[in-house]
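The following note sets out points for a colleague reading this model. Please consult the sequence and the structure alongside each numbered paragraph.

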Amino acid sequence: MTRPRILVTVVAVLAVLATACGNGDNSSVELASGDIATVVEEGAALYATYCAACHGANLEGHPDWRTPNADGTYNPPPQDVTGHTWHHGDPTLVQLISEGSPFRESVMPAFGDTLTDEQILAILEFFRSNWAEQERTFQQQATERELVADS
Ligand code: HEC
């Protein structure tokens, strides 16, 4: 069961991000936001390598992602605000990307052997950088709810 490991990583990353958002002196704020920019950049590169072929170079997904195919599979959904990745908290998303989709017929691969949890969280940070404030807030609250429910 990988869930506790995922939680530890999510909590650690949240702590880093919380520090980064806090009010420090100017130099530390600059350094911290630089760190987030680096994480977003890393996430974007990983996304381009491992995810873009299905979810779209611009996170746009498949145009017909809501309608199931004849065999019951779905086409890749968008990862921008028009999709619903932002409805889920980090623990759920890390688990889904690491272990693959819970849908039995899904083509969504499991990336647990390819990507570390930190790399998956970097991809999520890249997604967040493309979402508006509203979706980012919603998703952060979902993450907090999931962490409380699991602790
Ligand atoms: C071979 C195609 C394919 C690749 C490659 C792929 N996905 Fe997916 N992904 C899908 C499909 C199809 C779904 C739709 C749900 C299902 O079939 O289970 C999905 C669903 C998802 C979801 C759930 C979305 C939601 O709205 O709940 C997330 C998050 C996701 N993918 C992230 C990723 C990330 C991150 C990568 C790269 C590391 C990736 N996917 C690579 C095909 C792919």
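1. Read along the sequence, the protein chain follows the pattern α-α-α-α-α-α. Its secondary structure amounts to 6 helices and 0 strands, where helices (H or I, at least four residues) and strands (E, at least two) are DSSP runs numbered from the N terminus. The model is predicted: local features need pLDDT of at least 70, side-chain atom pairs count only at pLDDT 80 or more, and totals for chains, interfaces and linings use all residues. Residues are numbered from 1 along each chain as its sequence is written.

2. Confidence should be read first. The mean pLDDT (the predictor's confidence in each residue, from 0 to 100) of the protein chain is 85, and 77% of its residues reach 70 or more. Within the chain, helix H3 has the highest mean, at 98, and helix H1 (residues 3-21) the lowest, at 57. Over residues 19-30 pLDDT stays under 50, and the model has 6 contacts beyond four places in sequence for this stretch. Two residues are in contact if their C-beta atoms, placed from the backbone, lie within 7 Å.

3. Of the 151 residues of the protein chain, 23% count as buried. A residue is buried if 20 or more other C-beta atoms lie within 10 Å of its own, exposed if 12 or fewer, and partly exposed in between, with C-beta atoms placed from the backbone. Among contacts in the protein chain with a separation of 6 or more, 59% join residues 24 or more positions apart.

4. Helix H4 (residues 90-99) is mostly covered, since 7 of its 10 residues are buried. These are Asp90, Pro91, Leu93, Val94, Gln95, Ile97 and Ser98. Why does Gln95 count as buried? Gln95 is buried because 20 other C-beta atoms lie within 10 Å. The C-alpha atoms of Gln95 and Asp117 are separated by 8.9 Å, although the two residues are 22 residues apart along the chain. Just after H4, Gly100 takes a positive phi of about 90°.

5. H4 packs against helix H5 (residues 117-129) at an angle of about 115°, with the axes 10 Å apart. Axes are lines fitted to C-alpha atoms, for helices over the stretch in contact, and angles run from 0 to 180 degrees between N-to-C directions. On the H4 side, Asp90, Leu93, Val94, Ile97 and Ser98 meet Asp117, Ile120, Leu121 and Leu124 of H5. By class, this contact has 6 nonpolar, 1 polar and 2 charged residues. Here Ala, Val, Leu, Ile, Met, Phe, Trp, Tyr, Cys and Pro count as nonpolar, Asp, Glu, Lys and Arg as charged, and the others, Gly among them, as polar.

6. Tyr47 lies in helix H2 (residues 26-50) and counts as buried, with 20 C-beta neighbours inside 10 Å. Leaving aside neighbours within four places in sequence, Tyr47 is in contact with Ala52, Ile123 and Phe126. Tyr47 and Ile120, 73 residues apart in sequence, are 9.2 Å apart in space, C-alpha to C-alpha.

7. Which residues are closest to the ligand? They are Cys51, Cys54, Ser101, Ser106 and Met108, among the 24 residues that surround the ligand; a residue is near a molecule if its C-beta atom, placed from the backbone, lies within 6 Å of it. Helix H3 (52-55) and H4 are the elements that give two or more residues to this shell. The shell divides into 16 nonpolar, 8 polar and no charged residues.

8. Leu59, in the loop between H3 and H4, has a positive phi of about 65° although it is not a glycine. Leu59 is buried, with 21 other C-beta atoms within 10 Å.
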